[in-house]
Structures are given as structure tokens and as C-alpha cells.
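Hello,

Here is the structure I promised to hand over. Please have it open while you read, and take your time with it.

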Amino acid sequence: FSLPFSLLCIVWSQVWRMAKVERRHACLAEILHLLDLLFFYQYRVSSGAGVVTSTPARKPPPPRLLQKLRPGIISYTPASTEGVWEFQRRKGRRSSPPPPLPDFTTSNRFESLSSLSSPGAPSSLENVLVIGDSIVRHLKPAPARGSASVSCFPGARVEEIARRIPAALRENKSIGTVIVHAGVNDMPARRSEMLKKHFESLAETVKKTTSTTKLVFSGPLPTYRRGSEVFSRLSGLNSFLKNWCMKNHFGFIDNWDHFWERPAFYRRDGLHPSRKGSQVLSDNITAFLHQV
């Protein structure tokens, strides 16, 4: 602005010298008008209004377009720390409900021992003891419940078996059933009446030892080609045990018909059972235990 103003002062001084007196006032008026224009131009430029032109102004964009053009403002609201944390399930395919849990039945494997120690409690003894001579060596009975053990005493007679039973019962107090197989080693003595008394004494020994153990007698096996005398005595022993056990409410396992004239069930001596014969005898004992 200072440069045009200086030029205007120089032009004014020259015009003032050259002009006549009557024209000086007119020139002064024009110069003042130019100064007004310069001041107005300077004011428009300094205020940012710009110079008016003939170009029409553009229309402002519509409000919807302004909303699209303006950048979005991201707001953040802190979550409340109060309350309980919750897991949000992801939306999508609904999963099938889990299968129901199986119903397990629990039991105490020492329950039978605890019932023994408490007086007046009902007996829940289920283990089985098979005791006898060499005939029971390879037996494997399978009771319905509990377990089975076999005690073999080769060459033992009925009287010796009776002496060994109390020690076996005291050693294993979970025995509920005792199965006795004996008598074949008493045949050479030829004392049938004495043999009957030995069986009666054995039964009394078991009763005195325990009142909850069930006593079962396994009948003798018929011999194969070992003479008619031994065969006849064993047949009489089988008949006696069958009637005596029924009378005194003892269990009895009849093996006679299963082994009579069955050479495949015996070894070469015709006295001891073979593997197949031991299996048949085990099956007889198992069938009896399952029926009780």
C-alpha cells in the first residue's frame, strides 16, 4: 500500500505545480477519491473478504453429502468395573446339549469286613474255599460273587482235612462257603463206619469255628478200572453223603453220574481227573454256587 501512496504523492505534487489555481481543487478532489479507493482496497485485502468478481459463488453441498464427507468421530466409553464378569456366547449355530452323566453306583470293597467286626450285623461273606485231597489240585471254580481259592493236600484223609479247616478259616475271615472233597484216601482202611464219624466230626469242627460259614460236600468220583471193591465202597460213600447232607441241611454236589464210564475224564491211573475231568468238576461246583 505504501508504494501506490508514494506514487500518488508524486503525481499530486506535479499536478499541483502545473495546474492552475482554479483546477487545483478539482485535482485534490480526484486524488482524495483515489485515496479512498486505495484505503477501501487495502481494507478488503487485510480483512480476507477478497475482491469482488463477476464469477458466481458455488452452492454449498447438501447436508447428507456433508455427513458422508466428514470423517466419523470415535467415542470411547469405559466399561463399568462393578458387577460380575459374564462370558458372552458367540452367535451362530446352536450346539447340541451335552449327554447326561452316567449314574455310577459306588460301593465299599471292605464292607464285608466291617460287617464282621460289628456284632449282630448280617453276614455278607461271598468268598469260597475248596479244600480236599489231590483230586482238587487243578480246580478253578467261578462263584457268582466273590472269589474262590483252592487248598490241596495230596494223600490227606477226612480226619486231616478236618484239622486244617479251622486254620484256613482264621487266616481268611471273608470265607462264606467251604466245599470239602475227601474220602478216596480212606478207602484202603475199609472202615466205613469210622469214615462216617470222621465226616460228622468235620462238620462239628466247622460249626464250632464259625457259625456264618456254609458247609458243602463234593461227592467222590467213581474210579475207572481200579477194581470193583474200591468202586463199590466209593458208591456207598456217595449215597451216604447225599442222604446225610440232606438230613443235616448241608450242601451236596453229586459228581457220580458225570464221571461214570468216562475214561476221557481220568488220567492213566483211573483215579485222578484229567484236564478235561478237572474242568467238568469245576463246572459242577460253579453250577452249584450259582444256584445257591
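Below is what I found in it, starting with the whole chain and ending with a few single residues.

First, a word on the source. This is a predicted model, in which local features need pLDDT of at least 70 and side-chain atom pairs count only at pLDDT 80 or more, while totals for chains, interfaces and linings use all residues. Residues are numbered from 1 along each chain as its sequence is written, and side-chain values use heavy atoms, with hydrogens and water left out.

**The whole protein**

The protein has nine helices and five strands. Both kinds of element are DSSP runs numbered from the N terminus: helices are H or I with at least four residues, strands are E with at least two. Starting at the N terminus, the order is α-α-α-α-β-β-α-β-α-β-α-β-α-α.

Of the 292 residues, 31% count as buried. Here buried means under 20% relative accessible area, exposed means over 50%, and partly exposed lies in between, with a 1.4 Å probe and protein chains only.

The five strands form an open sheet in the order E2-E1-E3-E4-E5, with parallel pairing. Its edge strands are E2 (148-152) and E5 (251-253), each of which pairs on one side only. From one strand to the next, the twist averages 20°. As background, strands of a sheet pair through backbone hydrogen bonds, either parallel or antiparallel. Two strands count as paired if DSSP finds at least two bridges between them.

Six bridges join E1 to E3 in parallel, and Val130 has Ile179 of E3 as its bridge partner. E1 also pairs with E2, again in the parallel sense, over five bridges; there, Leu129 is partnered by Ser149 of E2.

How well is E1 covered? Six of its six residues are buried. Asn127, Leu129 and Ile131 are buried on one side, and Val128, Val130 and Gly132 are buried on the other.

Moving along the sheet, E3 (residues 175-181) runs parallel to E4 (residues 214-218), and four bridges join them. Val178 stands opposite Leu215 in E4. E4 is mostly covered too, with four of its five residues buried.

**Some residues in loops**

Asp186 sits in the loop between E3 and helix H6 (192-209). Asp186 is buried yet has no salt bridge, and the nearest side chain of opposite charge, Arg157, is 4.7 Å away. A salt bridge requires a side-chain nitrogen of Lys or Arg within 4 Å of a carboxyl oxygen of Asp or Glu; Lys and Arg count as positive, Asp and Glu as negative, and His and the chain ends are not counted. Leaving aside residues up to four places away in sequence, Asp186 touches Arg157, Val158, Leu195 and His198.

Arg190 lies in that loop between E3 and H6 as well. Arg190 is not a glycine, yet its phi is positive, at about 55°, and it counts as exposed at 54% relative accessibility.

Glu261 is in the loop between helix H8 (256-259) and helix H9 (275-291). Glu261 also has a positive phi of about 55° without being a glycine, and its relative accessibility of 57% makes it exposed.

Leu271 lies in the loop between H8 and H9. Is Leu271 buried or exposed? Leu271 is buried, because its relative accessible area is 17%. Leaving aside residues up to four places away in sequence, Leu271 touches Ile135, Val184, Thr223, Arg226 and Tyr266.

Best wishes

Terms used
Axes fitted to C-alpha atoms, helices over the stretch in contact; angles between N-to-C directions. Contact = heavy atoms within 4.5 Å.
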